[in-house]
Amino acid sequence: MPAVWNGSSAKTISMKKISITQVSSNFEREPLHPYRFKGSAITDSWQTAAMLESDSGLRKVGLGTQGVLWSDASVFAAHSESAGNALMYAMSEHALQLVKGTTFTDPVRLLDDLLPEVLSYGKKITGNPDLRKTFALNALVCVDNAVWQLFAAENNIRTFNEMIPEAYRPGLSYRHSKVASIPSFSVGTTAERIRQAAEEGYFIMKLKTGAPGTQQEMIEKDMAFLTAVHKAVGHFETPHTATGKIPYYFDANGRYEKKETLLRFLDHAMKIGAFDQIAVIEEPFEESNEAYVGDLGVRVAADESAHTVEDAAHRMELGYSAIAVKAIAKTLSMTMKITQLAYEKKVPCFCADLTVNPVLVDWNKNVAARLQPFPGMNVGLQETNGHQYYKNWDRLMTYHPRASATWTKTQNGVYLTDDTFYAESGGILVGSRHYENLFA
């Protein structure tokens, strides 16, 4: 019989068969300060909600934040921003219709069954036969989120630790007392603004590269940006790294067309004395670029290209030595599979953001707090940039069921993931009254 690992009592318990009788969906649009990456920008973020009700009468609402530009830039380019969001939302609704009337015991297996069907439907409605799997996974986040909450409630599971199936526990077995709060700075950010963040206590920041323009224009701008950043914050000290220096985390979002161009960037870093402070470079190339990156002398991370656990394994073969995991963008189910593979292959992971709402920040934080330490760091790593880009972030914070808890606030660049955080699992299994009221 299928089983789930019960972390508190260290024994296996039988999982209930859960029948889904009612489903519904809704969404809210949240305006953003323009967030520039991949040569474009997003200005509007759809917060999707998926409601599942079981035959026992339990009802749970799962959340998702849509990232059309991030998950498939071709869809973003082919449509208006609202139309791209509408297409992804239609895929979430299609997934809900697929699960209505079904019975499940294992959320991971349910996600595995849904993904190919939702991807196929997405290819049809977008008219894009090459639609990226990440686009379908992003559409599935709200549904997967609801499934896990219903699974926990039906099985009387009270904590995130208990909810993790036994097969995936090793990859999520650490317990950080602090998790870095990593802000993200879009293309065009001034070095002065990055210095200001360092003065506020942020010690690792996600720096978007891949400036707009031709490849020649891009690399010139990116090298100038690196020079300015290194001059502004390269001398700052932090207790959270082995070197005591601020680490650089660059994300090119697939803008570099050739390995030679990336080598120019790295050569420039060497020339100005910044090379040794580069902790990671994320997704320098488009997914179709199969260049080997294990010989660059820096850690290169896969993000968008690591759609599934199989894709993550392939990236590792290409020399990618870190994985940016996103329970809030590629589903918790798929994230558990990827973190377990990475654990077995001794490839470090960290949590990246999708500019998600405060409730989803804590879904991500539950993963970040349990990942093995990133080389050279003594805290968990989690990008979270919603406070930078949502125009109404303070209002969104009031929707969090534990909004006043200490772990929801950045303090000197970190979240304090103390005993109360683990005891309450960051509030993620409580339910948000605001989002539940969308289905009143």
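Predicted model: local features only at pLDDT ≥ 70, side-chain atom pairs only at ≥ 80, totals over all residues.

Visitor: Which residue forms a salt bridge with Asp251?

Guide: That's Lys208, and the closest N and O atoms are 2.8 Å apart. Lys208 sits in strand E9 (residues 205-208) and Asp251 in strand E10 (residues 248-251), so the bridge ties together parts 43 residues apart in sequence.

Visitor: And Lys208, buried or exposed?

Guide: Buried, since its relative accessibility is 6% and the cut-off for buried is under 20%.

Visitor: Which of the labels, buried or partly exposed, goes with Arg29?

Guide: Partly exposed, because Arg29 has 47% relative accessibility. Asp44 is buried, at a relative accessible area of 14%.

Visitor: What does Glu30 meet in a salt bridge?

Guide: The side chain of Arg395, at 2.9 Å from N to O. Here Glu30 is in strand E3 and Arg395 in helix H14 (residues 393-397), and the two are 365 residues apart. Glu30 is buried at 2% relative accessibility, while Arg395 is partly exposed with a relative accessible area of 33%.

Visitor: OK, switching to rings. How many aromatic pairs does the structure hold?

Guide: It holds 14 aromatic pairs. Take Tyr249 and Phe350: their ring centres are 5.3 Å apart and their planes are at 80°, so the pair is edge-to-face. Tyr249 lies in strand E10 and Phe350 in strand E14, so parts 101 residues apart in sequence are tied together. Tyr249 counts as buried at 1% relative accessibility, and Phe350 does at 2%.

Guide: Phe250 and Phe265 are also edge-to-face, with 5.3 Å from centre to centre and 85° between the planes. Phe250 is in strand E10 and Phe265 in helix H9 (residues 259-272), 15 residues apart. Both Phe250 and Phe265 are buried.

Visitor: Which residues do ring pairs link into a cluster?

Guide: Phe27, Trp46 and Tyr89.

Visitor: Now strands. What does E13 pair with?

Guide: Two bridges join E13 to strand E12 (residues 300-302), running parallel, and three join E13 to strand E14 (residues 349-351), also parallel. Ala322 is the bridge partner of Ala301, and Ile323 has Cys349 as its partner in E14.

Visitor: Which helices go with those strands in β-α-β units?

Guide: Helix H10 (residues 309-317) goes with E12 and E13 in a right-handed unit. Helix H11 (residues 332-345) goes with E13 and E14, again right-handed.

Visitor: And where do the E13 side chains point?

Guide: Ala322 and Ala324 point one way, Ile323 and Val325 the other, and all are buried.

Visitor: Last thing, what about confidence?

Guide: The chain averages a pLDDT of 95, and 97% of the residues score at least 70. Over residues 1-11, though, pLDDT stays under 50.

Notes. Residues numbered from 1 in each chain as written. Heavy atoms only, no water. Buried < 20%, exposed > 50% of the residue type's maximum accessible area, 1.4 Å probe, protein only. Helix = DSSP H or I, 4+ residues; strand = E, 2+ residues; numbered from the N terminus. Pairing = 2+ DSSP bridges. Right-handed = clockwise from strand over helix to strand, strands pointing away. pLDDT = per-residue confidence, 0-100. Contact = heavy atoms within 4.5 Å. Salt bridge = Lys/Arg side-chain N within 4 Å of Asp/Glu carboxyl O. Phe/Tyr/Trp six-rings, centres within 6.5 Å; stacked < 30°, edge-to-face > 60°.
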